[in-house]
Amino acid sequence: SAAPHILSSLVRVYATFRKGAANPYLRLAFFFLLALDAKWPTLVRAGFLNDFRDSQYFTLFEEAARISVAKFHELPLWDPYYCGGVSGLGTPSARFVSPTFLLTLAFGTLRADALIGMAMTVIGLEGTYRYLSARGGGTLPAALAAPVFALSGVFAHTPTMGWTNFFGFELVPWALLGIRQALGGSRRGVVIAALAVAWMVGFGGTYTGPLTLLAAAVEVIEALIKRARRPR
């Protein structure tokens, strides 16, 4: 019968893919290709101004910060180009307190938007993989399920509206991963959670933090229930 040979071949194929998903270099290469395919329409239009109003609004804040640093060599704490001047650091519309601002300085505001979307997508894919793995998902299932979050819904729609700040949601899995590890007694988890939340704040927007807090509450409740069930 050919059935045992087919089954053994399928087992070997599964083992190969599972081993590949566990390899960080191969996994990141896979995630990079996924992100490249998903963001290709925005990458080929990088450098063009989006005519949607929200895009122009957010672009103004990022460009003001870029000019302050690149031209005047000053911290972008004040934006003099909008409404007679507004706080650069205090407004949630600004996202220069983020590592992605380096892309803005290197490539310009318009070109960097597409690159930021690409980079944040890869970060979201890897973060989702790690979070699912921490919750008990296998390496291959976690890798295949990661795009369900990191390439879904609003992430596909935000570039057309200029809502680059919404890519901050790609950091949610990292925050939850850190919180889960911290609740388990890991100091490394504290650092991961702190960095993820700080990046969210620096990336701008007002939605990411509160919604992450709600998701984190689930982790805390789950940890408390597990602790309550342990024998004294």
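Author: Helices (H or I, at least four residues) and strands (E, at least two) are DSSP runs, numbered from the N terminus. With that convention, C83 is found in the loop between β1 and β2 (86-87). The model is predicted, with local features needing pLDDT of at least 70 and side-chain atom pairs pLDDT 80 or more, while totals for chains, interfaces and linings use all residues. Residues are numbered from 1 along each chain as its sequence is written, and side-chain values use heavy atoms, with hydrogens and water left out.

Reader: How many helices and strands does the secondary structure of the protein have?

Author: There are ten helices and two strands, and along the sequence they follow the pattern α-α-α-β-β-α-α-α-α-α-α-α. The C-alpha trace spans about 75 × 50 × 25 Å along its principal axes.

Reader: Is C83 buried or exposed?

Author: Buried means under 20% relative accessible area, exposed over 50%, and partly exposed in between, with a 1.4 Å probe and protein chains only. C83 counts as exposed because its relative accessibility is 62%, and, although not a glycine, C83 has a positive phi of about 55°. H73, in the loop between α3 and β1 (78-79), has a positive phi of about 55° and is not a glycine either; with a relative accessible area of 67%, H73 is exposed. Of the 232 residues of the protein, 38% count as buried.

Reader: Where is T158 placed, and with which residues is T158 in contact, leaving aside its neighbours within four places in sequence?

Author: T158 belongs to helix α7 (residues 153-161) and counts as buried, because its relative accessibility is 0%. Contact means heavy atoms within 4.5 Å, and beyond those sequence neighbours T158 is in contact with W163, F166 and F167. The T158 side chain also reaches the backbone oxygen of F155 at 3.4 Å.

Reader: At what angle do the axes of helix α3 and helix α5 cross?

Author: Axes are lines fitted to C-alpha atoms, for helices over the stretch in contact, and angles run from 0 to 180 degrees between N-to-C directions. The axes of α3 (residues 53-70) and α5 (residues 109-134) come within 10 Å and cross at roughly 115°, which means that α3 is roughly perpendicular to α5 (under 35 degrees counts as roughly parallel, over 145 as roughly antiparallel, 65 to 115 as roughly perpendicular, and the rest as oblique).

Reader: Which residues make the contact?

Author: From α3 come T59, E62, E63 and R66, and from α5 come T109, L110 and D113.

Technical notes. Polar contact = N/O pair within 3.5 Å; in protein donor to acceptor, adjacent residues only side chain to side chain.
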